Amino acid sequence: MTTLMNREFVISALPHRLDLRSPSEYRKIKLSISDKTNVQALLGNTRIFVFVNCEIVKPLAAAPRDGIITFNSEFSKSVSPSLGGAGGGGSSAVSEEELLLSRLLEKAFKKSRAVDTEGLCIIAGEKACIPAFQKCFGDANIREKVWNIRVDIKVLDHDGNLTDCACIATVAALLNFKRPDVTISDQLVTVHTIDEKPYIPLSVHHLPICTTLSIFNNGETILLDPTLLEESAQQSQITFILNTHRELLSVLKSGGSAVSTETVLKCLQIAQLKVADVAELVRNFVKSAEKI
């Protein structure tokens, strides 16, 4: 009953919002770093933690000269019940919501080729032997040729718009991440410590930024960066993935009722106006993190 009343109140107050934001205004975005690699993003009360790591693995058969980027999402125990998911909190099952978030990030970063995966190829020949770093980077007896960049996304608090918060945290984490340098001599691969050679940042071609909007009253009202309560009352939701040149990389509509072309274009215009500001915030954070 309480939830239903809250939803009705959200709808009756439109276009005004309970947190006093304008319809096209983001909540406060805050980024922080720990251990020089872990990034936490706060979007209002939505909180997501991203950790990036790397290991040497076999390349995929379909892309023998490309490195690999994998995305793995997990919801904390406190978040999973609100989503009705089976995963989170260490459960062996992976919920549909966790899979959807991972796939959306894959679409944003992998399919748009935001990261140079060719630069993650170590060797395109026979066996690679890595005697000094077997425990850290895998078994030296297999054909280890490329770096696998693993991005782990942990949703700690959910107050709406997980997509944008996860994307912001992932962009910041990938820009901040640096991998070990390697040298190759006669099929012998040596992975250097940071004391021997400086670690190398990823080559990022462009910054994919997700922008999510909730649609109400058949498109008459559009709210940027919806809260969890606003999402519970929305008719539809649409997410645009754009780069800093405002070019559309992908679009995702999450359930709900049909959306007219006119409404989609109105949403896109709002998203295009916001992408540069979000990208600049991330870049400024990465610059400040480098000084730590």
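**Note on the predicted model: pocket, cavity and chain**

1. The largest pocket has a volume of about 680 Å³. A pocket here is an open set of points on a 1 Å grid over the protein atoms alone, with protein on both sides within 12 Å along at least five of seven lines. Grid points are joined across faces, edges and corners, and the volume is the space filled by probe spheres set on them. This is a predicted model, in which local features need pLDDT of at least 70, side-chain atom pairs count only at pLDDT 80 or more, and totals for chains, interfaces and linings use all residues. Residues are numbered from 1 along each chain as its sequence is written, and side-chain values use heavy atoms, with hydrogens and water left out.

2. Which residues lie nearest the centre of the largest pocket? They are Glu97, Leu100, Thr163, Gln237 and Ser254, out of 24 lining residues; a lining residue has an atom within 4 Å of a point. Two or more lining residues come from each of α2 (80-83), α3 (96-111), α5 (162-176), α6 (228-233) and β12 (236-242). The largest share, seven residues, belongs to α3. By type, the lining has nine nonpolar, ten polar and five charged residues. Nonpolar covers Ala, Val, Leu, Ile, Met, Phe, Trp, Tyr, Cys and Pro; charged covers Asp, Glu, Lys and Arg; the others, Gly among them, are polar.

3. The structure also holds one cavity of 30 Å³ or more, a cavity being a set of points where a 1.4 Å probe fits but cannot get out. The space in the largest cavity is about 40 Å³. Its lining includes Phe109, Val171, His206 and Pro208, and divides into nine nonpolar residues, one polar and no charged. Helix α5 gives the most to this lining, with three residues.

4. Is α5 largely enclosed or open? Of its 15 residues, 14 are buried, so the rest of the structure largely encloses α5. Buried means under 20% relative accessible area, exposed over 50%, and partly exposed in between (1.4 Å probe, protein chains only). At 1.5 Å a residue, α5 should span 21 Å, and its end C-alpha atoms are 21 Å apart, which agrees. The expected span is 1.5 Å times one less than the number of residues.

5. Of the 292 residues, 45% are buried. Among contacts with a separation of 6 or more, 68% are between residues 24 or more positions apart; contact means heavy atoms within 4.5 Å.

6. Some backbone geometry deserves a look. Most residues other than glycine have a negative phi, and most peptide bonds are trans. The bond from leucine 14 to proline 15 is cis, with omega near 5 degrees, and proline 15 sits in the loop between α1 (2-13) and β1 (29-34). Arginine 113 has a positive phi, near 55 degrees, and is partly exposed at 44% relative accessibility. Asparagine 217, in the loop between β10 (209-216) and β11 (221-224), has a positive phi of about 50 degrees.

7. Cysteine 121 lies in the loop between α3 and α4. At 24% relative accessibility, cysteine 121 counts as partly exposed. Leaving aside neighbours within four places in sequence, cysteine 121 is in contact with Arg65, Gly67, Lys145 and Val146.

Note on methods:
Helix = DSSP H or I, 4+ residues; strand = E, 2+ residues; numbered from the N terminus.
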